[in-house]
Amino acid sequence: MYRGSRRPRELSVLSPLKVLLILVSIAGNRDPCFALAAAQIQTAPADSPATSSPDAIREMLRKGNYREAEEAARELLAGVESTSSVNPVGQSSALDLLIESLWRGGKFRSEETLAMARRAAAAADAAYPKNDVRRSVSRIYLGNILLDTRDFEGARVALDEALAL
């Protein structure tokens, strides 16, 4: 196996979407509704710059530009929340992108990140039906953050809720 105290970086961090897709493939469920978990809803307002679109933020995260992704995710969230009728699905997606950028950028131990993760889980509860798989993304982020902050019981509860969906 691995020698030394650390696993290779590419094996040590899995995004919530990858975890969800791995769990679905292990379970052998080929139901088309699971494809919805992989699809992210476009939430950027028409007048927002291209840098704060969900796809652009995902690309920044993929390239490791976590600080830029965080700034763009904050802009996206502010844009979604500034409209008179807040789109709960858009808000949930924007919060998930912000949390991923904070978490991957090394800010997983900050109080703000934990508060945002709890807020994202609540937003996902409001945005999606009770048994919708898309609710699990926020719970996986919350579980990862709680695990990194050594709240093992809280992490277990959040990740169990994600698996139950």
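Modeller: Start with a term: a residue is called buried when its relative accessible area is under 20%. The model is a predicted one. By that cut-off, 12 of the 14 residues of H8 are buried, and the helix is mostly covered.

Colleague: Which residues of H8 are the buried ones?

Modeller: They are Arg135, Ser136, Val137, Ser138, Arg139, Ile140, Tyr141, Leu142, Gly143, Asn144, Ile145 and Leu146.

Colleague: Why is arginine 139 called buried?

Modeller: Its relative accessibility is 8%, and the cut-off is under 20%, so arginine 139 counts as buried.

Colleague: What is arginine 139 in contact with, leaving aside its neighbours within four places in sequence?

Modeller: Arginine 139, found in helix H8, is in contact with Ala121, Asp125, Ala158, Leu159, Glu161 and Ala162.

Colleague: How does the reach of H8 compare with what is expected at 1.5 Å a residue?

Modeller: Helix H8 covers residues 135-148 and reaches 21 Å from its first C-alpha to its last, close to the expected 20 Å. Just after H8, arginine 150 takes a positive phi of about 70°.

Colleague: How many helices and strands does the chain have?

Modeller: There are nine helices and zero strands. Of the 165 residues in the chain, buried residues make up 40%. Among contacts between residues at least 6 apart in sequence, 58% join residues at least 24 apart.

Colleague: What makes H4 roughly antiparallel to H5?

Modeller: The axes of H4 (residues 54-63) and H5 (residues 66-82) cross at roughly 160°. Angles over 145 degrees count as roughly antiparallel, so H4 is roughly antiparallel to H5. The two axes come within 8 Å, and the crossing is left-handed.

Colleague: Which residues make the contact of H4 and H5?

Modeller: H4 contributes Pro54, Ile57, Met60 and Leu61, while H5 contributes Tyr66, Glu68, Ala69, Ala72, Ala73 and Leu76. They divide into nine nonpolar, no polar and one charged.

Colleague: How do you know that the span of H5 agrees with what it should be?

Modeller: At 1.5 Å a residue, its 17 residues should span 24 Å, and the end C-alpha atoms of H5 are 24 Å apart, so the two agree. Among the buried residues of H5 are Tyr66, Leu76, Leu77 and Val80.

Colleague: Why is glutamine 91 called buried?

Modeller: Glutamine 91 has a relative accessible area of 18%. The limit is under 20%, so glutamine 91 is buried. Glutamine 91 lies in helix H6 and touches Leu77, Val80, Glu81, Val86 and Arg119, not counting residues up to four places away in sequence.

Colleague: What makes glycine 90 count as buried?

Modeller: The value for glycine 90 is 1% relative accessibility, so glycine 90 counts as buried under the 20% cut-off. Glycine 90 lies in helix H6, residues 88-104.

Colleague: How far apart are glycine 90 and alanine 127 in sequence and in space?

Modeller: They are 37 residues apart in sequence and 8.5 Å apart in space, taken C-alpha to C-alpha.

Terms used
Residues are numbered from 1 along each chain as its sequence is written. This is a predicted model: local features need pLDDT of at least 70, side-chain atom pairs count only at pLDDT 80 or more; totals for chains, interfaces and linings use all residues. Side-chain values use heavy atoms; hydrogens and water are left out. Axes are lines fitted to C-alpha atoms, for helices over the stretch in contact, and angles run from 0 to 180 degrees between N-to-C directions. Helices (H or I, at least four residues) and strands (E, at least two) are DSSP runs, numbered from the N terminus. Angles under 35 degrees count as roughly parallel, over 145 as roughly antiparallel, 65 to 115 as roughly perpendicular and the rest as oblique. A crossing is left-handed if the near helix is turned anticlockwise from the far one by less than a right angle, and right-handed if clockwise. Contact means heavy atoms within 4.5 Å. Ala, Val, Leu, Ile, Met, Phe, Trp, Tyr, Cys and Pro count as nonpolar, Asp, Glu, Lys and Arg as charged, and the others, Gly among them, as polar. The expected span of a helix is 1.5 Å times one less than its number of residues. Buried means under 20% relative accessible area, exposed over 50%, partly exposed in between (1.4 Å probe, protein chains only).
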